[in-house]
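Subject: Structure handover

Hello,

Here is the structure I said I would pass on. My notes on what was found follow it.

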Amino acid sequence: MPPTHSHRPDDATPGRRPRGERLWHAATEPVFLISGQRRLLYANPAWEKLTGAAFAEARGRVCRRHSKAAAAEPLDHVLSALAPPQEAMLGRPCQTRRRAPDKTLAWWEINYFPWSNAEGIQGILGKIQVIHESGPTHAVLPEKLVQLRVRTNHLYRLESWSSDAPAVSRLVAQMRLAAQTPLPALIQGPPGSGKEWAARTIHHLGAQRESFVAALDARLPPATLADLLTSSRHWHIGTLYVKNLERLPRDAQALLVQHLDNDNPESQPRLLAGSSANLADEQRAGRLLPELHAALSALTIQVPALNERMQDLPRLIDQMLPRACAAAEKSVRGISSAALDRLRLHAWPDNLAELYQVLVQACTRAKGEQLDLDDLPFQLRGAPTPPDKPLPLDDTLAKVERRMIELALRLAQGNKTSAAELLAIWRQRLLRRLEQLGLEAKDEGAV
Amino acid sequence: MRHTQLITYGVDEAAAERLTALVRDRAVGLRVTHNAQACLNLMRQGAVGVLLLRIGKNLESEFTLLAQVAQQFPQIAPVVWGGADHPRLAGLAWDLGAQAVLLTPGDHDRLYDVILRLLPD
């Protein structure tokens, strides 16, 4: 018998599965394969064990969504649960969550990996992971809401932070570390840099990903924070992220300190806090409780400013464009190189938040499928203005030095020794500079 | 043009009247909507402020709207308000980006305070 799919002679042995299929057959995770027409082509023994169905009966059947009324047999419920979402049929890897057909409190999290050729989708590989839900059955969520959550949380994958910028590589390593521990963590970074995004990424990377994450604005009444921390109604909130920590009222800060003093941190929501402020300054000014600062800063995560990762600008724009298009109700596929070059020149003081708003405004103005220079907001459209006069460095430095020396001499009441100490330079150097700058001290100081 | 607004979705007339009194002295506009598209269009016109989203009639469309607003319009703070205490729904609302979730009678007492605190200065 001639060999079929492989060059290895043993794979051509009659009755023996091809090597690839043997790998799936031996897998402990339920795996299945459907055709471009959604017909079930293959399922492994782990799939049979999970579904309680024999593959021989299900082979060739169509995996499509059935209403509960239309599904006559248990196998119909199984095939309905396997039906690939529209995104998979468009050739994009995706994930969905379906209620397990056996009506237990379990969910099937199904990852779909389609492949295609010039003729379209050829097949979709599916892998099932069973997620067990805890809690009272009457409080379970409808399947559509669970799927909405899965789609939304797709935004918070670690892959969305991939970057060559050293500051982001460091951030990714810090997020991985933070995800492996239930300890509280402080997320610091300039305004709009993505601190909440990082917090949600950490949550979805960690052991608590099946529970919920609450992002709490520091402006809310302290009673809201108290409720989230202490009420048993919120047992399923796995992570609490406090935004703008330094603006939290003192009594709310005290609540957090109390929460962190608990001997069993794993039983409570895990605490993450974000801030753009210099917390050491806030503590010195009396606006931040020292024990709260100390408890949070054991694990500190730094989110860089956008201008520390400008090489990511094209990738960030690609990531944000679908949301910006949805906000503007426009269909835009990309950005021209001229517009991109102009965006590279901007300082981005409000970082990613500003970039998103610029993209929304540009999408709103866009007339075509690509953002161009004319679509950018007015303040970004013009080229940076060249200076109308030169910027002489040496003269400027000399002026600054003169003012500092004059100030130091005034403060030292003409005593050059004391003035040199104030300026943190040797006295001889001060004397030399006084002569070179044409400055004269009124009184000679003691040596 | 960005102008501060309190936008409501799914809120009845009586509640809307009380909210009118609340925002009248603060130069904040009140816009009452019962349609997701109308709600989103207000945000597309540049509104900043708070969205008070009443849930309970059609959870799928209400939570879809919540997710859309949280992802697409970060200048709007969504506040989820409902009449039934359902901890998992509350958790999901927080998870999808709500800035406050008020589902119990005790929560309702805080509604006005929460709205005022979340409105931009």
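The radius of gyration used here is taken over C-alpha atoms, and the globule rule is 2.2 Å times the number of residues to the power 0.38. For the 121 residues of chain B, that rule puts a compact globule near 14 Å, and the chain's own value of 13 Å therefore agrees with it. Please keep in mind that this is a predicted model.

On overall dimensions, the C-alpha trace of chain B spans about 35 × 30 × 25 Å along its principal axes. Of its 121 residues, 47% are buried. If one takes the contacts in chain B between residues at least 6 apart in sequence, 65% of them join residues at least 24 apart.

Confidence comes next. The average pLDDT of chain B is 90, with 98% of the residues scoring at least 70. Within chain B, the lowest confidence falls on helix H5 (residues 105–108), with a mean of 76, while H3(B) has the highest, at 96. Where pLDDT is low, predicted coordinates should not be read in detail. For the complex, the predictor reports an ipTM of 0.95 and a pTM of 0.76.

As for secondary structure, chain B contains six helices and five strands. Read from the N terminus, their order is β-α-β-α-β-α-β-α-β-α-α.

One helix pair in chain B was examined. Helix H3 (residues 59–72) of chain B packs with helix H4 (residues 87–96) of chain B at an angle of about 25°, and the axes are 9 Å apart. Angles under 35 degrees count as roughly parallel, so H3(B) and H4(B) are roughly parallel to each other. H3(B) contributes B:Phe63, B:Leu66, B:Ala67 and B:Ala70 to the contact, and H4(B) contributes B:Leu92, B:Ala93 and B:Leu96. By class, this contact of H3(B) with H4(B) has seven nonpolar residues, with no polar and no charged ones.

Last, the contact between the chains. It takes 28 residues from chain A and 25 residues from chain B. On the side of chain A that touches chain B, the elements giving two or more residues are helix H6 (143–153), strand S7 (212–217), helix H9 (222–230) and helix H13 (313–328) of chain A. H6(A) supplies the largest share of that side, five residues. By class, the residues of chain A on this side are 17 nonpolar, four polar and seven charged.

Regards

How values were computed
Residues numbered from 1 in each chain as written. Chains lettered and ligands numbered in written order. Predicted model: local features only at pLDDT ≥ 70, side-chain atom pairs only at ≥ 80, totals over all residues. Axes fitted to C-alpha atoms, helices over the stretch in contact; angles between N-to-C directions. Helix = DSSP H or I, 4+ residues; strand = E, 2+ residues; numbered from the N terminus. Parallel < 35°, antiparallel > 145°, perpendicular 65-115°, else oblique. Contact = placed C-beta atoms within 7 Å. Nonpolar A, V, L, I, M, F, W, Y, C, P; charged D, E, K, R; others polar. pLDDT = per-residue confidence, 0-100. Buried ≥ 20, exposed ≤ 12 C-beta atoms within 10 Å, placed from the backbone.
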